[in-house]
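Please look through this structure with the notes below at hand. They are written for someone meeting it for the first time.

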2 protein chains.
Amino acid sequence: MESTDKPIALPPKAEAAPPAAAAKCPFNYSVVDVALRVLLFAASLSSVVVMVTSKQTKLVPMPGFPTGPRVTIPAKFNHSPALIYFIAALSVTGLYSIITTLASISIIQKPAYSKSFLLVFAFLDVVFVGIVASATGAAGDVGYIGLKGNSHVGWTKICGVYDKFCRHIGSSVALSLFAAILLVFLSMMSTFTLYKRIRD
Amino acid sequence: MESTDKPIALPPKAEAAPPAAAAKCPFNYSVVDVALRVLLFAASLSSVVVMVTSKQTKLVPMPGFPTGPRVTIPAKFNHSPALIYFIAALSVTGLYSIITTLASISIIQKPAYSKSFLLVFAFLDVVFVGIVASATGAAGDVGYIGLKGNSHVGWTKICGVYDKFCRHIGSSVALSLFAAILLVFLSMMSTFTLYKRIRD
């Protein structure tokens with residue numbers, strides 16, 4: 001009696017536990033991860049598009065001659081090295097988000113590789129946090145000087161004239177700030193999932 | 001004979017292995033971690049000091065009147081909101097590096113808590129990567145406009161006049177870039193140590 005009861009009662013418990021834990025954990029993580037990475041792609045792409053379409057042409061006094069003849073001068077993102085860096089950084093981030101979305105989808109299909117992928121994600125996400133945050137800081141600073149000027153060194157504000165240009169810079173910087181915060185969360189999520197694996 | 005040989009041979013092996021593995025892994029990590037955090041403190045402190053001591057007073061033409069009367073105008077970091085943000089961000093990073101150095105030393109003394117500390121380190125380091133990188137971007141942009149100017153919008157270069165001020169901004173930005181890279185490495189190291197724990 002005892003020898004027939006024991007084998008029936010034990011195996012289901014021992015076999016059921018590991019697959020449930022293994023399947024539950026990476027699935028939940030990966031779906032949220034894919035969703036956030038798609039959102040990251042959307043944020044970085046729209047940030048680049050808004051910045052690229054910021055060109056505005058106005059009839060303004062020549063720079064340095066406030067009372068001189070008026071000329072048609074365009075304001076474009078490629079007049080400022082900071083905004084060119086911004087475009088480059090956000091474009092690379094968009095490309096990165098496509099690649100990692102595909103990698104994250106592959107984790108859902110083959111959870112066996114998830115540990116190594118999580119480590120690589122955590123590593124690269126931190127690097128991209130730095131890239132996107134520095135681009136946001138640089139472009140935000142150009143936008144701020146454009147909006148407020150700096151009377152101490154005689155840098156004039158330009159947003160009174162180039163209103164559309166400044167609105168585009170502002171929106172683009174806001175989107176890239178959102179992208180940077182998303183990357184911080186993505187990096188934290190990868191690390192936390194690794195941490196949970198230790199405790200399980 | 002057999003009963004006396006076995007107890008002598010086995011316990012040293014069984015007991016020696018776990019402490020060696022447990023002591024080796026967190027010890028190596030923690031010492032490097034403490035060293036990097038002390039370096040981070042040095043970098044952020046010197047960055048703040050170099051920026052704060054950048055004040056330079058010069059006899060220059062009044063802003064807006066290149067041929068007008070010459071006046072004594074100082075160039076200080078608090079003339080630019082981007083540089084004030086830079087000081088604030090690097091000061092907070094310096095404080096953070098002191099706290100985490102103490103926490104990292106406490107891990108060496110009590111390795112039992114190291115897993116939770118590693119997770120907290122990995123989380124906070126990523127946030128500080130974002131803060132320091134954005135401050136570096138913003139201050140670097142102010143320095144770049146000061147160095148090169150922007151002829152498209154009439155922002156004049158100021159580094160020809162305020163040479164010491166610009167040298168200080170440049171050095172300070174270089175130090176904060178170093179601090180940001182250190183933080184990326186620290187975050188990666190915490191994550192990698194968590195990853196190694198899974199494999200061990």
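This is a predicted model: local features need pLDDT of at least 70, side-chain atom pairs count only at pLDDT 80 or more; totals for chains, interfaces and linings use all residues.

1. **How the two copies relate.** Chain A can be laid on chain B by a turn of 180 degrees. The shift along the axis is 0.0 Å, and the RMSD is 0.0 Å. The two copies are therefore related as by a two-fold rotation axis. Both copies use the same surface for contact: 100% of the contact residues of chain A recur in chain B.

2. **Disulfide of chain A.** How many disulfides are there over all chains? The count is two. One of them joins Cys159(A) to Cys166(A), with an S to S distance of 1.8 Å. Are its two cysteines buried or exposed? Cys159(A) has 12% relative accessibility and counts as buried. Cys166(A), at 15%, counts as buried too. Both calls follow because buried means under 20% relative accessible area.

3. **Disulfide of chain B.** Here Cys159(B) is joined to Cys166(B), again with S to S at 1.8 Å. The link of Cys159(B) and Cys166(B) is left-handed, with -80 degrees about the S-S bond. Cys159(B) counts as buried at 13% relative accessibility. Cys166(B) counts as buried at 17%.

4. **Second largest pocket.** Its volume is about 360 Å³. Which elements give two or more residues to its lining? From chain A they are helix 2 (81-109) and helix 3 (114-148). From chain B they are helix 3 (114-148) and helix 4 (163-199). Helix 3 of chain B gives the largest share, seven residues. In total, 20 residues line the second largest pocket. Nearest its centre lie Tyr85(A) and Ser134(A) from one chain, with Thr136(B), Gly137(B) and Leu177(B) from the other. By class, the lining divides into 14 nonpolar residues, five polar and one charged.

5. **Cavity.** How many cavities of 30 Å³ or more are there? The count comes to one. The largest cavity has a volume of about 130 Å³. The elements that give two or more residues to the lining of this cavity are helix 3 and helix 4 (163-199) of chain A. The lining of the largest cavity holds 15 residues. Val142(A), Ile158(A), Phe165(A), Asn150(B) and Val153(B) lie nearest the centre. This lining divides into nine nonpolar residues, five polar and one charged.

6. **A residue to look at: Asn150(B).** Asn150(B) is among the residues nearest the centre of the largest cavity. Where is Asn150(B) placed in chain B? Asn150(B) sits in the loop between helix 3 and helix 4 of chain B. At 9% relative accessibility, Asn150(B) counts as buried. Which residues does Asn150(B) touch, not counting those up to four places away in sequence? They are His79(A), Ser80(A) and Trp155(B). Asn150(B) thus touches residues of chain A as well as one of chain B, because His79(A) and Ser80(A) are in this set.

How values were computed
Residues are numbered from 1 along each chain as its sequence is written. Chains are lettered from A and ligands numbered from 1 in the order in which they are written. Side-chain values use heavy atoms; hydrogens and water are left out. A disulfide is a pair of cysteine sulfur atoms within 2.5 Å. Buried means under 20% relative accessible area, exposed over 50%, partly exposed in between (1.4 Å probe, protein chains only). On a 1 Å grid over the protein atoms alone, a cavity is a set of points where a 1.4 Å probe fits but cannot get out, and a pocket is an open set with protein on both sides within 12 Å along at least five of seven lines; lining residues have an atom within 4 Å of a point. Grid points are joined across faces, edges and corners, and a volume is the space filled by probe spheres set on the points. Helices (H or I, at least four residues) and strands (E, at least two) are DSSP runs, numbered from the N terminus. Ala, Val, Leu, Ile, Met, Phe, Trp, Tyr, Cys and Pro count as nonpolar, Asp, Glu, Lys and Arg as charged, and the others, Gly among them, as polar. Copies are superposed by least squares on the C-alpha atoms of residues with pLDDT of at least 70 in both. Contact means heavy atoms within 4.5 Å.
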